[in-house]
Every structure is written in structure tokens, then in C-alpha cells.
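Thank you all for coming. I would like to walk through one structure this morning, and I will take it a region at a time.

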Amino acid sequence: MATAYPPNQGGVPPEGPAAMPDSYFTESRKGEVNELKTLLRNFSTERDPKRKRDIIKKVIAYMTLGIDVSRLFSEMMLAIETRDLVIKKMVYLYLVNYARSHPELATMCTNTLQKDCGNEDPMVRGLALRALCGLQLPGMVEYISEPLRRSLTDGHAYVRKTGVMGMLKLYRLNREAFQESSFVDILYDMLRDPDASVVSNCIIVLNEVMADSPNGGMAINRAIMLHLLNRIHEFSEFSVVQILDLVPKYIPANNDEAYQIMNLLDPVLGRYSPGAVIATIRAFWSMAEAVGGPDEEAMKRQIVSRCKAPLVTLISSCSSELGYSLLKHAESLIDAVPGVFDDEYRQFFLKYNEPTHIKYLKISILPKLANPENAPDIVAELAECVNDMNIKISRYSVRSLMQIACRDTGGPGCAESIARRLVEMLDLNVSHICSEAATSLASVIRKHPGLKSVIAPPLSRSLKYVEESSGKGSIVYLLGECSEVTMAPYALEKLIDTYDKIDDATIKIALLSSTMKLFCQRPAEVQAMLGRLLAKATDDVSSQDLHDRALLYYRMLESGVDLPVLASVVDTKTALGQGVNFAEEDDFELRAELMKEFNTLSIVFGRESKNFIAEEFQVKFAKQPKEHPLEPGSEGAAPSAIPGGGLDVLGKTSAPAPAPAVAAAAGSFDLLGMGDPGGAAPAPAAPSGGPPFNAAVSMTGDEYQNTWGAINDSQSVVSMVPLKKIPGSTQEVETALARHGIKTMASGELPTEFKFFLYAQDSPTGLLMLIQGNLDKQSGEALLVLTVKVNGGDGGASDQQKVDTLTAVMSSAL
Amino acid sequence: MISMIMVLNQKGDIMISRQYRDDVGRAAADSFRLQVVAAKETGTEAPVKRIENCSFLYTRHLNMYFVALSRSNVNPALVFEYLFQLIRILKAYLGEDFDENAMRNNMTLIYELMDETMDFGYPQNCSVDVLRLYINLGNVRPQDEPEPSQLTSQITGAIDWRREGIRHKKNEVYIDVLESVNLLLSSNGNVLRNEVTGGVQMNAKLTGMPECKFGLNDKLVIDKEKEDRKPGVEIDDCTFHRCVRLGKFEADRTITFIPPDGEFELMRYRVTDNINLPFRIIPAVQEEQGMTKVSINLKVIANFSDQLYATHVVLKVPVPKNTAKAKIKHSFGRAKYEPEQQAIVWRVKRFAGKAECHINAEVDLMPTVRPKPWSRPPINVEFQVPMFTASGVHVRFLRVYDKSGYHTNRWVRYITKAGNYQIRI
């Protein structure tokens with residue numbers, strides 16, 4: 001707030017070297033400030049809150065004008081002791097404003113602020129807390145931590161909400177202090193807060209605080225995700241986006257869950273909030289990708305058709321700025337799933353009074369919607385736009401017409417009708433349209449060589465009045481291609497005769513190659529002018545390329561090369577095959593990358609974020625939770641995995657949440673343990689008679705998940721290992737087992753139990769065994785319950801035998 | 001997240017700037033002034049601009065620029081939504097067309113609003129009704145200022161758009177169905193684009209926490225009930241104020257809600273099929289050889305019941321730039337050539353239903369040295385037709401349930417306006 005602009009208002013003269021000497025103003029201001037000071041001190045104002053309010057308002061007004069009122073600090077601090085909220089707020093404003101420039105004064109008032117943090121009015125508590133955190137003084141950390149911690153358990157949501165944001169400020173102020181206190185765990189717990197705005201602030205803070213963790217933000221698991229999604233209707237238009245942004249990071253446990261999530265999100269599309277609608281589309285998209293498989297494309301198509309109506313409504317009814325951003329997003333959806341938006345093509349017709357940037361965008365989208373049914377309408381509309389007074393719009397429209405023809409999506413006859421329209425434009429006698437039409441025709445001919453007869457007639461005449469060099473070059477190129485035009489050599493001859501007046505190398509090069517092409521077709525007519533052209537061109541040193549080419553042709557002719565050989569050299573072979581498009585239209589990689597960053601500026605700029613966002617502001621995007629298909633509870637089997645089964649969503653949040661939190665905060669404690677990417681599944685079988693388990697085996701997390709999921713739960717074998725005592729940490733168990741060839745994929749400690757995800761390879765058969773272990777800490781009995789799945793086993797007696805061996809090994813190890 | 005919000009005036013001077021993060025400075029305003037304000041690029045260039053590794057997202061109100069700055073890869077829709085919300089809040093506090101002076105005179109208030117609606121770069125509660133309860137330095141004060149302790153209980157909570165204990169002497173609900181018709185006709189009479197966007201505005205003056213149920217003649221509902229005589233309207237898509245229970249709507253398309261107090265927009269919808277166009281216009285515009293004369297013939301037919309009438313009908317028929325004079329013959333209203341609009345503007349205060357009108361104009365052109373082709377912009381039509389909906393939507397019922405079971409008066413108005421009603425010539 002120290003940055004307020006000092007305006008010229010209310011009788012206060014402007015700053016700077018104005019007509020009168022500076023000292024005069026300082027004097028007068030001092031006078032005013034002094035007056036305020038006496039007024040504030042005056043006893044009578046104490047009793048009249050209205051009057052006091054006015055005075056303080058005046059102080060704040062001076063402050064925003066840029067006048068230094070810091071001399072009133074002590075008086076203002078006295079005024080903080082009031083029941084009047086308005087006064088209080090203004091004093092806080094004053095305080096935050098002067099904290100940076102007068103740190104010593106600000107420290108003086110921390111006591112008052114701390115006291116206010118315990119005020120009986122929640123509004124005051126919240127405001128004081130915000131002011132306290134907003135001071136942003138490095139020395140204040142110790143004063144902030146305590147009130148912050150208290151605020152998180154406050155009875156009123158406003159205070160909690162402010163407190164949560166305050167944590168983020170503390171984190172920015174001093175990371176060590178933040179990490180020392182266990183705020184991250186508290187934040188995870190607070191995701192269950194009954195108030196939606198508190199929850200959304202928690203997500204914001206966690207995402208930012210944990211940005212450096214492997215998850216690139218808040219750690220999520222199934223319980224958290226479902227808990228949040230079930231409450232999604234409580235969130236306001238801004239906070240709902242925080243939740244929706246978490247969904248793309250989440251890997252659903254199975255396909256059913258992905259559908260379930262999509263059903264939960266569906267009502268959000270009915271909100272009048274562009275941000276929420278687009279975020280929902282992104283969430284849907286990610287769920288389709290998670291389902292994957294052969295249905296993925298069909299699902300994406302369904303998603304886009306579902307979202308089309310709300311998106312179109314928003315585009316047609318919202319402001320131009322939002323409309324622009326939404327159109328950009330619609331465009332990338334059209335690119336990703338062509339065809340779905342086709343029937344809404346009328347929405348993309350230009351309105352006369354739209355801002356031009358929207359018009360440009362619509363013109364570039366229209367060709368992507370063309371199909372045999374709507375192509376005539378779209379072509380007619382674009383042809384209409386060609387006559388627009390705005391040169392850029394008219395150029396873009398011609399180009400869009402060309403794109404429809406080149407993509408050949410408009411059905412039979414469409415390309416030809418477009419070519420005819422373009423030919424008509426050549427005769428329009430408007431320089432930019434002629435030129436653009438010529439360039440477009442050159443592209444059309446490359447895709448549809450059969451249309452030469454349509455294009456040929458006006459070429460030689462239009463060469464005279466196409467002025468822009470790119471257009472002229474294209475006409476010359478076309479003349480070379482359409483050698484059947486009788487007049488072609490003579491049109492070029494005129495150009496050759498005025499060779500010295502051409503100042504653009506592209507025209508000269510086109511002229512050279514076109515004349516050569518004609519020479520191969522009709523040597524008798526062209527020979528003379530070709531000689532003149534080569535003489536000029538070999539002398540021309542303005543362009544290296546031109547010079548070299550001319551020399552090459554000259555020497556070939558000189559050495560008496562056969563005409564067919566010459567023709568094969570000259571022929572540029574620029575025709576595009578069936579089903580081939582221009583390279584710039586088929587940039588699938590970029591599009592796929594952009595879809596990953598849907599709902600960000602990347603879509604608006606059409607660039608990946610790594611190319612335009614400074615490194616420190618880039619946010620890692622990682623899918624999570626990696627361990628979670630290992631919770632067979634999600635599939636309704638093995639109830640031992642999650643305490644309390646799958647009944648109570650709220651209750652579940654508590655248990656799994658802190659585990660990843662601790663893991664990510666500590667950084668060193670890796671839940672997944674293994675990161676070996678090269679590990680292939682079954683290693684070669686070890687010779688029998690050795691140790692029962694092959695120690696050389698290793699697996700990646702994904703393999704483990706897939707294998708576990710692939711084996712039917714009915715084939716799993718449950719077994720128990722009694723332990724001597726409850727182990728102190730998961731580490732103890734892991735090292736003991738590792739000595740016997742039983743590896744750990746992941747493990748974790750919850751308040752009530754230990755969980756292990758283990759695997760081992762049976763040496764004689766080479767079969768992999770996946771083991772899930774649970775150890776209840778509270779039952780008092782140290783009993784490790786194992787659920788074992790044998791990969792490739794028959795689920796019968798031989799599996800049971802292997803599990804028995806395993807149980808024996810483990811009990812001896814532990 | 002947003003690093004900074006600035007408000008600049010026409011010249012590009014900062015009027016308000018609130019820094020939420022310290023990763024951008026005031027210098028950014030200078031680059032914005034040079035590259036956007038001075039370049040006069042609003043309208044031609046996209047409203048998202050990247051300058052020196054910082055993204056500027058901006059919109060305008062009158063001649064002021066509201067700019068959000070960010071260094072990270074933000075969600076553009078969200079940022080714009082916040083900017084609009086901010087402008088909406090300022091409108092509520094400072095009046096519909098607040099200007100530079102109003103901004104300057106209320107700086108304290110504005111900073112306070114900006115602090116409350118955004119914390120550390122993330123939007124917070126932006127509901128005007130709730131903000132009004134505890135930020136009242138501005139001109140707007142709540143009519144019945146509640147006790148401070150009561151105040152705070154509404155700042156958050158599940159229903160953050162309405163506070164408890166509201167009392168009205170008369171319980172009334174005003175419902176306005178506002179529709180705007182968009183039409184784009186090609187010169188040969190083909191419909192290029194035709195749709196109705198509608199909104200239901202409510203002004204609820206109800207006591208307590210009433211539960212409301214609202215019904216339109218939605219085709220899907222009517223078909224289900226199978227008793228109604230008239231077929232319903234096929235609504236392509238609708239969106240709702242956040243007070244509406246969307247889950248309920250998804251399930252059986254009933255619209256239920258606890259309304260905010262006072263004015264709000266309950267829903268918006270879009271209809272594209274079976275639209276009753278209120279005006280049919282048949283144009284014939286001919287340019288004579290040599291570009292010395294243009295003759296314009298128009299037939300306008302009011303295509304609605306003769307019980308109704310349209311007001312504020314304005315037809316703007318464009319003419320070339322070099323028009324010297326125009327001879328106009330017309331049956332009613334007032335028509336004249338307005339050089340500043342480059343159009344013949346024909347105004348009718350009251351246009352009865354089923355009426356027909358012809359207008360003939362002979363336009364003489366000034367000879368020019370280099371004849372420029374005329375771009376032939378479309379004819380633009382403005383109108384308002386009260387008690388008429390182009391989509392055919394009407395309100396079937398509004399039921400209000402409250403514990404005390406009071407009686408509610410309901411008032412319904414309809415009005416159809418021209419949105420983009422254009423006919424190419």
C-alpha cells in the first residue's frame with residue numbers, strides 16, 4: 001500500500017517541482033499533520049466515536065496520498081484500543097503500510113496485535129492476525145508463530161481462513177521456522193474443516209509450500225480426493241477451482257472410480273463460472289486419460305460433446321476478455337477432438353462489433369470446423385469476411401479458405417469452389433487480397449494438382465496488377481506449374497524484360513525456376529528469353545541463391561544435358577500426397593503438450609509453459625498417489641488395508657493423510673523406496689537348493705501395481721506371522737527381511753498400525769510373490785497379517801506351500 | 001497466483017496498485033503503459049500480454065484499465081473473473097459508472113475491498129452482499145446495520161450469500177426475464193446465426209431463510225408432466241447462480257434455492273431453436289454505376305402480437321463515407337442521415353405489433369478522386385419489446401416456503417431486447 005499514487009486532489013498540491021517552492025508545502029502539511037495529532041490527543045474525541053472515525057479516516061487519506069503521517073504512530077496505536085471495527089481496520093491498514101519503512105515502530109505494536117488476536121470478536125481476531133502476518137518483518141517470526149497456531153483451532157471460520165493464509169506468509173518470510181513447526185500436518189488435518197473457504201485456503205497453502213516435493217504440490221490420496229469432491233457444491237466459484245485443479249494430478253484407483261469422479265463433477269458444468277467450467281473440462285480429460293485403453297478416444301469425444309453446450313453459452317454471453325480466453329480453449333479442444341464442434345459453427349461467425357482479436361481467432365477456428373455439410377456456409381462466410389475493411393481480417397480469411405481447401409474436409413467439390421472464389425479474388429483489384437489469393441492458390445495447387453485448369457486462365461493477366469512481392473512470386477510460380485497456359489511464356493517475357501526493376505529476390509528465383517520449367521515443356525518458344533534471363537541472373541549478385549541457381553542451370557544447358565534429365569532437375573516436386581497436410585498444421589506433439597497445461601496461460605499463448613515462465617515460477621506436475629492401487633480396499637477386497645474399510649469418507653481422511661505429508665516434508669523418507677526403472681519382472685530362475693528367495697529381483701512401483709491388480713483377490717492367500725514385540729520403526733522390519741531376499745516396495749507408519757508392501761521371488765520356480773502386511777499397534781499382540789498374491793500361481797496348494805515357506809522365513813527373520 | 005492488481009487511468013498513470021507478492025514492481029506499470037496504453041492496442045490485440053516475463057491480463061471500465069499481473073502460469077479465466085468481480089463490487093459501492101474521481105475519493109475503501117477479496121494473490125470471498133456487511137466505509141451502508149457480533153457470523157459459513165434474521169414488512173419477489181436476440185442474416189436472407197440468450201433477474205425481498213422453487217416452461221419438464229397444453233421450450237443450456245442446488249437440477253431439473261437478499265441473477269440460458277424473431281427486415285441496397293448514388297429500400301415488419309408494441313426501435317442503415325445528402329421517405333417515426341454514424345438512423349418510439357413500414361432513401365455521393373470500395377457494413381437494429389420473449393420462455397411458478405408460512409407477492413416482467421441484430425446488405 002506504500003505504492004499509492006499521489007493524486008492531485010482535495011486541495012493538496014501535487015508533489016515535485018511545481019510552481020511554488022517545496023518548503024511551502026512541507027510546512028503546510030506538517031501543519032495539517034500536527035493538527036491531526038492534537039485532535040487525536042484531544043480528550044473530547046475519545047468520547048465521540050463518529051468524530052474519531054472521521055479523523056482517522058483523514059489520516060488514512062493522507063497516507064494514500066503519499067504524505068508521511070508516521071509521526072502519528074503512537075497516537076494511532078492508542079486508537080487501536082477500540083470496539084469500533086472501522087477504526088480498528090483503518091489503524092491496521094496504517095500499521096501494515098508503515099511496517100516496512102519503520103520496522104522499529106512496528107515491533108512496538110506487536111504486543112497490541114497479539115492481544116487483539118485473542119479478542120472476543122472473531123472479526124478482530126482475523127484482522128489482527130492478517131495485519132500481524134502482513135507486517136512481513138524478518139524479526140517477527142517468533143511473535144507470529146504462536147497466534148498463528150492458536151488461530152488454526154479457532155472457533156470461527158474467518159479466523160481459521162486468515163490463519164491458513166498467514167501460514168503461507170510465514171513460509172515466505174522464513175522457511176526454516178515454518179518447517180520446524182509441524183504446520184504441514186496441521187494443514188492436512190484441516191482439509192476436513194467444515195468451512196469450505198478454510199479448506200480451499202489449505203489447498204492453496206499446501207500446494208505452494210510443498211511445491212518442491214516430488215509431488216509438485218499437495219500430496220493427495222483417494223480419501224482426500226473423494227472427501228473434497230463430495231463437498232464440491234459447498235465451494236464458491238473461486239475456491240472450487242482449487243479442488244478441480246487437484247483432480248488432474250490424481251490417479252483414480254480403477255475405471256469405476258474415474259467414472260464416479262466424473263459424475264461428481266458433472267454439476268459444476270452448470271455453474272455460471274468460466275474458470276470452474278474449464279477446470280472441470282480439464283479434470284474430465286485427465287480422468288479419460290487415466291482410464292486409457294481403447295475407449296480413451298471415444299471418452300474424450302464424449303467429454304467434449306458434454307462440455308460443448310456450457311462452453312458455447314459462456315462464449316456467447318461473457319465479456320470479450322473472457323471470451324478470448326474461452327475461444328482459445330475451445331480451439332485446443334477442437335484440435336484435440338476434431339468434429340465435435342462442427343455443428344456449432346455458426347457460433348464462430350463474426351459479429352460486426354466484436355474486438356478484432358476475437359475476429360482473428362474466430363477466422364482461424366472456422367476452417368477447423370468444416371465438414372461436407374457445413375462447408376458451403378463456412379466458405380460463404382469467410383468469403384464475406386474477405387471484403388472486410390480491416391486488411392488483417394481480410395488476409396486471414398483468404399488464408400482460412402485456403403486451409404479448408406488444403407485439408408480437403410469440405411467434401412467433394414469444395415476445394416474447387418474455393419479455388420474458383422480465389423481466382424475471382426485475383427481480379428478484385430485490391431492489392432492485399434490479390435496477393436493473398438495468389439499465395440493461397442499456390443498452396444491449393446500443391447494439394448490439388450487437378451485444379452490447374454480452373455486456376456490457369458487469369459494468371460497471365462493478374463501478373464500485371466498483383467503488386468506485393470509474395471503474391472507476385474506465387475503467380476510466377478503458378479505460371480511455371482500451369483505450362484498449358486498458352487500465354488505463360490509471354491507473360492513471363494515481359495517480366496524478364498523488366499528484370500532490373502524487380503527488387504525482390506523471391507520473385508527472381510520464382511521467375512528463374514518457372515522459366516526453366518516452361519523451357520522443358522516448350523523449348524522452342526522459351527529458348528530466347530531464357531538466354532536473356534540467365535545472362536541477367538548470372539550477373540546478379542544481389543542474392544547468392546539466385547546467382548548459384550542460375551549458374552547451375554546455365555552449366556547444365558551448356559554441357560548439353562538431355563531434356564528429360566533437365567526436366568527432372570527442374571521439377572520441384574512440391575505436390576502433396578493424399579492425406580498429407582502441411583507440416584505446420586500437424587503439430588501433434590505441441591498440441592498434446594498443451595493439453596497437459598489446459599486451463600493456463602499456455603493455451604492462450606500457444607506455447608508450453610517451460611518456454612515462457614521463469615524457472616522459479618514453474619510448477620511441477622506429477623500424478624499421484626503412486627502407491628494407491630495397493631490399497632485393495634478400493635476394490636472392496638482385503639479389508640485389512642484401511643482401518644474402517646470404505647465406509648466413512650471423513651474418518652478415512654485422518655488416517656492416510658499424515659503419512660504422505662510427513663514423507664514429503666521430511667524429503668528423505670521415500671514412500672516408494674524403489675526407483676529402479678530398469679528392473680524387469682521375473683529374473684532368471686536361481687538354481688534350486690539355494691536360499692528360498694532370489695535376492696537379485698527388483699520391481700518398479702508401476703509393475704508392482706499392475707501385477708497386484710492383475711491377480712484376482714480370490715487367489716490371494718492370507719497368513720500370519722507372530723512377532724516377538726512391536727517393532728520400533730518400519731526400517732527395522734525392512735532390513736531384517738531384506739537379508740532374506742524379501743524386498744520392500746513401500747511402507748508407512750500410521751498412528752494405529754504399520755503397513756508394508758513387500759515382494760519376493762521364489763527361487764525354484766521364479767514366480768513373484770507380492771505381499772501386503774499389516775501390523776496393528778493397538779491390539780497389544782504383535783501379529784503381522786500378510787495377504788500374499790503369487791504371480792502366475794494357480795491359487796491352489798502349491799501357492800499355499802510357497803506362502804508357508806515365506807511365513808517361516810519371515811518369522812525366523814523377525 | 002496474482003502478484004499485483006493495478007488500476008491505471010487513460011494516460012497510463014497508476015491510480016491504485018496493490019501488491020500481493022513482491023515479485024513484481026511498479027516498474028511493470030511503465031512497460032504496460034508503453035506497450036498497451038500508448039500503443040492504443042485495446043480491441044485489436046489480445047487482452048493477455050506478456051512483457052518481460054510477466055503476464056498482464058487486463059480489462060477496462062470506462063477509460064480505466066484494470067490490470068492483473070502474474071509471473072506464474074495462472075488460470076486466465078479465473079483471473080478475468082476476479083477482475084470482473086472486483087469491478088462489480090466497486091460498482092456496488094461507488095455506483096454503476098464510477099469514474100476516476102470516485103476512485104480517488106474512495107481509496108481507503110478500495111484498498112480495504114481489495115484486501116478482503118484477495119489474500120496473498122488468491123481470490124477470497126467476493127460476494128457483494130457479504131462484503132457490504134463488514135466493509136461500510138463507502139457510500140453504501142446496509143439499511144439495518146446489525147450488531148458487530150452478529151455480523152461476523154455471516155462472513156463465512158455454508159450459505160455465504162445470505163445472512164440470517166432478515167426481515168421485510170412485505171414479502172415480495174420481482175422476477176425479470178430479460179432476453180436478448182442475436183441474429184445475423186446474410187444479404188440474401190439466409191440465417192447465419194440466430195440465438196437467444198436470456199437471464200432471469202430476481203429481486204427477492206423475503207423474510208428469514210426461505211426455500212424457493214422456481215419453474216420455467218422447460219421442454220424436458222413439461223414433457224415429463226404430460227398435462228400441459230403447450231409444448232415447452234427447448235433450452236440448450238443453462239447456468240445458475242451459486243445458490244441454486246445443482247445436484248437437484250441435474251436429477252429432476254427442478255430449480256431450488258435459498259435466495260440472496262436483494263437483486264441477483266438467478267440463471268442464464270440459451271435457446272437456439274424455434275425463435276420468434278420480433279422484426280423481419282427485407283433490405284434492397286443498390287449502388288449505381290460510377291458510385292454517385294446509392295438507393296436503399298427497406299421493409300420492416302413487426303412480427304409479434306398486435307396487443308404488444310416495441311419501444312426504442314432504432315435502425316441504423318449504413319451509407320458510404322462520402323455521402324453528401326440523403327432523401328428519405330418513410331411512413332412513421334423519424335429518420336435522418338447522421339454523418340458521424342455514417343448511417344441513416346431511423347428512430348421509432350413505439351412500434352405496434354403486426355405493423356409494417358417502408359423506408360426509401362436516395363443517397364447522393366460526393367465524387368472522390370480515388371474511388372474506394374464501400375465495405376457495406378450490416379444494418380443494425382435495436383429494440384425492446386416488453387412482455388414478449390423471443391424464445392417463448394415463461395415463468396410457470398415460483399413457490400416460497402418458509403417456517404413462518406407468510407404470503408409472498410410475485411411480480412413477473414418479460415422483456416426482449418436486440419443483442420446483435422444485424423442484417424447484411
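Chain A is divided into domain 1 (372–408 + 410–485), domain 2 (494–578) and domain 3 (701–813), with bounds that come from an automatic or database domain assignment. Taken over C-alpha atoms, the centres of domain 1 of chain A and domain 3 of chain A are separated by 71 Å.

Before going on, please keep in mind that this is a predicted model, in which local features need pLDDT of at least 70 and side-chain atom pairs count only at pLDDT 80 or more, while totals for chains, interfaces and linings use all residues. Residues are numbered from 1 along each chain as its sequence is written, chains are lettered from A and ligands numbered from 1 in the order in which they are written, and side-chain values use heavy atoms, with hydrogens and water left out.

In H19(A), 14 of the 17 residues are buried, and buried means under 20% relative accessible area, exposed over 50%, and partly exposed in between (1.4 Å probe, protein chains only).

Next, the cysteines. How many disulfides does the structure hold over all chains? There are 0, a disulfide being a pair of cysteine sulfur atoms within 2.5 Å. For A:Cys307, the closest cysteine sulfur is in B:Cys238, 15 Å away and therefore too far for a bond, and A:Cys307 is buried, with a relative accessible area of 0%. For A:Cys434, the closest cysteine sulfur is in A:Cys482, at 17 Å, which is again too far for a bond, and A:Cys434 is buried as well, at 1% relative accessible area.

Finally, there are two backbone details in chain B. B:Leu62, in the loop between strand S4 (54–61) and strand S5 (64–70) of chain B, has a positive phi near 50 degrees, although this residue is not a glycine, and counts as partly exposed at 49% relative accessibility. B:Phe120, in the loop between strand S6 (118–119) and strand S7 (122–123) of chain B, also has a positive phi, of about 55 degrees, without being a glycine, but B:Phe120 counts as buried, at 10% relative accessibility.

Key. Helix = DSSP H or I, 4+ residues; strand = E, 2+ residues; numbered from the N terminus.
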